[in-house]
Each structure stands twice: as C-alpha cells, then as structure tokens.
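Dear colleague,

Please find below the structure that I am handing over to you. My notes on what was found in it follow directly after.

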Amino acid sequence: MFNDRPRLGLAVRVRSFLRFVILVMTAGPDELPMLLHTRPGYWRFAHVLRRGRLSVAARLLRAGYNARRSRDDAAGVAGLFRATAWPSLTALVALAAVELIAIGFHHLAVPSSNRLVRLVGNLLSWLGTPVPPEKFEGMFTAITGAGVGALALYFAGVGVVAATVYADVPGRVRGLFVAERSSRAYTQALVVLVVWCIAVLGMRIGSYQPHRLSLFMIVGVAVLAVINLVHLGRRVFNFFDPVALSRELPAGFLNNVRAVRADSGRSGDPVFQVAYQRAADLYLTTLRQIVELATRSGRQAEPASLLTLVGRIDDLWAAYVAEKCRIPRDSGWFERVPAHADWLRSDHLRTSMALATSTDVRATLAADRMWVERRLLRMLGVLSDALAASEDPALAYQVVGRLTARAESLARMGAVAEALQAMRAVGRIVDTFSESTAAMAEQTLGPLEVPARNVLGALAVADEEGRGAAAMVIGLVEWAEVALDRRTFAGRVHRAVRSRSDRYQAGLPDCLLDPLEQLANSLRFERAVERRVVTPDWFVEQVVAKAAVDHLAESLDAILRLAGEVVNRAEKLTGDGHVVLAATVTGRGLELCDKLLSHLPRAATVLSEATTNYCRDPDPLWPADPVPAHLASVMGLRRRLLSVAARLIGPLAGRARDSSMPDAFGRFYAVLLTEAHEILLTDDDALFAELFPAVSRGAALAFQRLRAEPQKMDPRLAVPAITRPLVELLELSGAALLLTELRGGSDWETVINGWDGLLHGLEDPAATAGIYSVALDAHQPAVLFDRGRMARDSRWRRIAQYLRQQGVATGLSGSGLSRERRAHPSAIVRVMAAGDGLYRLHDLFAVRYLADKLPELELPASARRLQDALEHRKSAAMPRAHPDTDQSSTGMDDEGGERHAHAE
C-alpha cells in the first residue's frame, strides 16, 4: 500500500495536468490569464525567469561600470600624461638646445692675437668638450635620488600640514598653499633637475657623451634647488601667511575685470561676461576665506601681515575703480539681485494680476553695481575688528584712514555712491571702536600719565569720520566744476554719444553713463528711421547736464545726512558720558559744518551756471537750487554742535591737562567765545542765552587752570596770560551791553543774570575785586606782553564794521560820511563809536556793572578815561529823538540814572 503512493501521486498529477491542458485549449483569450494565474507552477516559473533576468542585468551593469572605470582610469592617465608631457618635453628641449650650443663651442676656433679673446675662446671650447659617463654617473645618480627624495618629502610635509594645520581650511586656500610661488618654483626646479639627470644618464644607452656645459647647468640647477629649500625651511615656522597666499589673487581678479571691458573682444557676449563674473567672484571668495582665517581666534596672523592684507585689498579696490567705469552698463559682470517693485508706481496690468492672484508684484532682477565694493568693505571691516582687538588697537586707525582717503578719491571722480559706502563702513568702525574703548578713554589721566594707545586710536578713529565727509564735499564740488565746465562739456558729451569706446574710456561716473547710453540708443534709432539725426545738439547737452545736476543735488543731500549722523553721534556720546570721544567728534563736526558753509556756495555757483548754460528749453523737471535749504540745514547742525560743546565745557575742565591728548577744553572755550561774539552780531538772542553761561563758566575754569600752573609761562607774560580768560569774559559782556544799547534785545539781560549768578554769595568780595582789578590793569593799552590784544582788536573791528552798517558814525575824524549819519541817542554807543577802538569793551563793562557790584574794584586808567567820556557825553547836548527808540535799551538813560531790567 505504501509502495503505491508515489505511483498514485504521479497519476494524480498527470490527471490534473491533462485537465489543465483541456481547460487551456477550450478557454477563450480572456479566460486564459486567469487560468494561468491559478496554477502554482506558473508563479514558480515566473520567479525563476525574473531572477534570471535580474542576474543578467546585474552582470551587464557590472561590466559597464568596470568599462567606465577603466575608461576613466585611462582618461586620468592621459590627463596626467598631458599635464606632465609639456614640462618634461620643455626640459628635454632645453637640454637639447644646451647640447647644441656645447657642440658649437667644441668646434669653435678663435684665431686672434688678443690674449683675452683667446682665453675666452679656450674656455668655451673647454665647456664644449664631451665627458665620459663614468666621470659623472655616480654623482648624477645621487642627485636623481636626492631630487626624488626631496620631492617625496616635500609633498609628504604638505600632506601633513594639510591634514593638521589646514584640516578645517577650504580647499581653495589649501590649493593656494600648495601652489604658492616659492613652493611652485621649488617643485618645478626639482622636477626639471630629475628629468635632466635621467636624460643624461639615459644618453649612455645610445653611446652619447654629454658635454661639460650641460653638466655644469645641471649642477647649477641643483645648487638653486638647495638654496630654495633653505628658503622654504624658514617658512615652516609660519605655515599660514596671508600675505603670501593672497599675493596672486588681485591679479587674477583684475584679469577677469579687464576681460569684460568695453574695449575687449568678449564685451558683447553675455555668456562670457557671466563666466568672468563667476571667476572673479571665486577670487573674492578665496580672498574672504583668507581674511576670515587670518583673523580667526587661535590662528590670528601678525598685525603686520593684517596691515599688508589691508593695503592689498585697498589697492585692489583702487584698481577696480579705475576699470569699473569701462565696463558696459548692461554687462553680465554686475551681479543680478532681486528688486521688488513699488506698488504705487507699478502699472495697472501688474497690480491687477497681483490682486487677482493674492500675490505680490513679481520682482525683477536688477544689476548690483556695487557687489564688489560691498565684499571688499566687509573684508576691511573684519580686518579692522581684528586689529582693534590686537595688542596695539591703534593700528585699526590705518584701516579708517585708507577708507576716508578712498572716499575722497571716489568723490573727486563723481562716484559718490561708492564713497558713501566707504564712509558708512567708517561709521560702523567708529561705533565698534568707540564702544570698546570708551570706558578707558574716560579715565582721568594725571599730568604724568601716558594714555593707552587704544585711547589715542579711538580718538583718531572718531576724528576720521568728519574729516572724510569734509573731504567728500570738496572732492564733489571740484568734480562738478570740471564736469560742467562750458569750455569742454559739449565736446566731451558729443564724443561720448557718438563713440562707445570714447564713452567708456572717459572715466565717467554711473550718473552720466546711463543718460549717455539712452541718448546713444535713441540717436541710433533716429538715424535708422529718419536717415539722419534730427535731435539738436543743445538738447543732448541739456539731458546730460540735467543728469549731472541731479547727481550733484542728490550727493549733497547724502553728504548732509552723513553730517547729521556725525552730529547724532556727538549728542549720543555726550548723553552717555563719553566726554573725550564726544569732544573729538564735536570738533570734527564743527569743521565739517564750516567746510560745508564754505563750499556749498561754490556748488550753488555750479548749479546756477549749469542752469544758465544748458537749460535752454523750459524743463519742469530741472532741479531747483537746493543750496539755500542745505545752508539752513548746516546752520541747524552747527547750532546743535555748539550746544553740545556748551554741555562739554564743564566735564572737560575737570580733566587734568595732558600734552599727549588734545586740549579739547581750551579749543571749545575759544570756539564758544568766538561764536558768542558772532552771535551778538546776528541778533540771535536765544542761542546767545544758551552759550553765555557756558562761556562764563569756561572763563572761570580756564582762569583756575592757568593760575594753578604759572611755572609753565614766561614771568613777564604770566599775569596777562592767567587773567586773559577773565578779560575776555568782560569783553563779551561789554559787547552785549553795547549792541543791546544799539538795537535792543535780551542779550544784556542774559549777561546780567549770568553775572549775578557768578557774584552771588561770594565769600570774599574784596579778593574777587582784587583779581578783577589786577586783570584790568594787566591788559592796559600800554602793556606790551598782552598776547590777547590782537584778538580783541580783531573783534572790535568786526563790531565797528557792524556799527557802520547800522548807520552809526564811527571815528574821530569828521568825514562827510560820518556827518551824514545821525548820532545814536545812547551815550554808550556814541562814545564807543566815536572812540573807534580808543575805549575797550572790558573797561565798558567794568565801569557800567562791575564797579557797582564790587565797590572794592580799582579801575585802571583806561577805564577811568572811559568813565569820564561817558559823563562828559551825558552832560553835552545831544538829539532827543531817534527813529527807533528815544531811550537806551539797557535801562540806562542819558542823564546817568541806572535802571536795570532785572529785579534787584
């Protein structure tokens, strides 16, 4: 029974197979797949077939991969052969040329009776003598082994350095290290030496004997290789030298810049322009990586190397500025950045599409014309921060100095946008440097202490911002005067419109290149349509002149905003209590305002002449003269700076005088004193009321400082010099009295209130009266050692000129002009005007106010003469009417009754 089971199973399978065959034969085409899918054997067969197909496919893929790798290996070998074939072939050709020369020397015959010529001929013939191989074979075999070993050791050392020191360095920087000039010369010398040695040793196979000239040349190359090895050995202790690594980067960058100029062959192909831009971008990226590595903590290079790197970047910028104006405006050199549209100025089609889709107006790609400048400025900022954090932070001043000099040169070229970028970088450096050193700068320094170098560096850096802005103003005005000069303007404009090469060779700024390009395209189209140029020449000149005038006006606006930033920084530093830095910024800001006030009229003249010469057709878009508004803005900025200076007088006086630091207190006291006199002539009572307390306090503090250090002066000059601030304060008060008597106002009331505050609550009025008595007596007209007399005479001449402008007769001579002018009703005005410098303003104040407040005051002879003159003038007959007033403005009538405006 058990033996029949296999037979029964076979029968069952045969029967089942026959039944399946019958079903397949009787089934339709739609039922056949269903019958096949129900059979387990079908799926086993399909699985085997699929595995076979996958195995064949895998074998084919493996074979293809092996073939491709073999092809790549062959290509690599071919590439290696191509890379080495040219140097090897060059070395062999050089060796063959030397051998030919040696053969010529060997057959050289010099029949001459001259001993020197015969000696030279014998030497050349000796150099051309063949040498048997056994005489040099051992030496050259050793040189070959040493050269191969030196190459192996060098690249092994480079590999170790790359794996340790340069482990986290970008690949481009590692490539620069390997391809550095000295390293490349060393490896090339070794390769040429090995090739020559092998070639000379291989000459024995052909039974050829080399000549002495070739052997001596190989020995000389071996000596040079050894010397170069010594030079490289010194560099082992300074693996990372940014100066050496970045030496060839500027040249590579500038080569790409020159390739996209208007006069190059590729300037019209946008594909090549973009390719050159990307190549130049790669150079800048590598330079930025070197800067970041050189300033990284733990691996920071020496300050001297960083300064050299700063100079290299600045020189690169200067060279790029000279080439940038020659690049076409539509060139692919300028990096494209997204520029979002202005909704209020977009056309209806774009805005309606954006509103319908609930999206923004599509941005466009605009040319970024300052992408290079921004990257260079970023590098300079990183280097400045690193120098500020070094042992000698004052070195950062050199970065700021280069930036301000670059801004000045750019402004003289009309490139104000680039100059403003440089000055904004200066502002960022000033902020960073000031914050890091403000605390140390505010430390009180003793007379024998030397301030830290970073304090002096902070003061110098803060001083540079205002100087750079002032230099920009001068450079911009000079550029405008040259650019709009009528004698050359028309010729340059028409040449630039007609010729593309002239347009980009003239070094014009962006503000003029854009309208010139538009005019050139318009005239080209006009010539193609009309067969001639219809546009008149004056219209072309007007369009270009309008662009220059617009640029000048916008540039002046930008410079005024920069001046406003300087004033804001001065106010912020003053509010934060950084007195020394605030004084430096304030002083430079005052200089900037003065230069603006001096050069803005020149700009107004340029604008007026341009309007007269070039604006022939009434143009509503022609810019109006912005200079009057600019002058008013500058006066406002100057007034704010004077207020800051008035706030700084007290804190600056509390600092000990140190000759190594600027004397900010003395400077601001002199500035405020001068400004107070000028303000009296401009009738600005509010500003005088703000400055007079600061001047009076400054005079008292200056007197105290000078009295504390009398030993530093000549004994003959000691008393006049020490008491000079007091006399200057008396002079200012007397000027306020005189001008208030002349025209009225509140200046005298301000002076009275100030002096009442000074003299109120004196512990020893007699001592104070003695001080003022000595001061008045030391500044008599007969005193010869009075250094302040010239300044007082100058100030009086200004007041006398003002009196004449107001119609007051001055001088003792009875000229016709003086007789035509009516006398003033005030006795003070009549006496001071008639004396014309005979009587002093400080004596006037002493007579009219100080003598009453200090009874112990002893008036000098000049003051007594003035007092007698006033009494005589009061008793004399005089007109009682005046067109403006019938009594004195200070409350002092002509009969001598004193009525102070303030309450006693």
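Helices here are DSSP runs of H or I with at least four residues, numbered from the N terminus. This is a predicted model, in which local features need pLDDT of at least 70 and side-chain atom pairs count only at pLDDT 80 or more, while totals for chains, interfaces and linings use all residues. Residues are numbered from 1 along each chain as its sequence is written, and side-chain values use heavy atoms, with hydrogens and water left out.

Helix α8 (residues 212-234) gives the largest share, four residues, of a nonpolar surface patch. That patch covers about 440 Å² and is made by Met 139, Val 219, Val 223, Leu 224 and Ile 227. Its members must have over 30% relative accessible area and no salt bridge, with nonpolar side chains joined within 5 Å; a salt bridge is a side-chain nitrogen of Lys or Arg within 4 Å of a carboxyl oxygen of Asp or Glu. Accessible areas come from the Shrake-Rupley method with a 1.4 Å probe.

Ile 227 lies in helix α8 and is exposed, because its relative accessible area is 52%. Ser 214, also placed in helix α8, is buried, because its relative accessibility is 0%. The side chains of Ser 214 and Glu 99 are joined by a polar contact of 2.4 Å (N or O atoms within 3.5 Å, one able to donate a hydrogen and the other to accept it).

Within α28, the buried residues include Thr 768, Tyr 772 and Leu 776.

With kind regards

Note on methods
Patches are made of residues with over 30% relative accessible area and no salt bridge: like charges are joined within 9 Å, nonpolar side chains (Val, Leu, Ile, Met, Phe, Trp, Tyr) within 5 Å. Helices (H or I, at least four residues) and strands (E, at least two) are DSSP runs, numbered from the N terminus. Buried means under 20% relative accessible area, exposed over 50%, partly exposed in between (1.4 Å probe, protein chains only).
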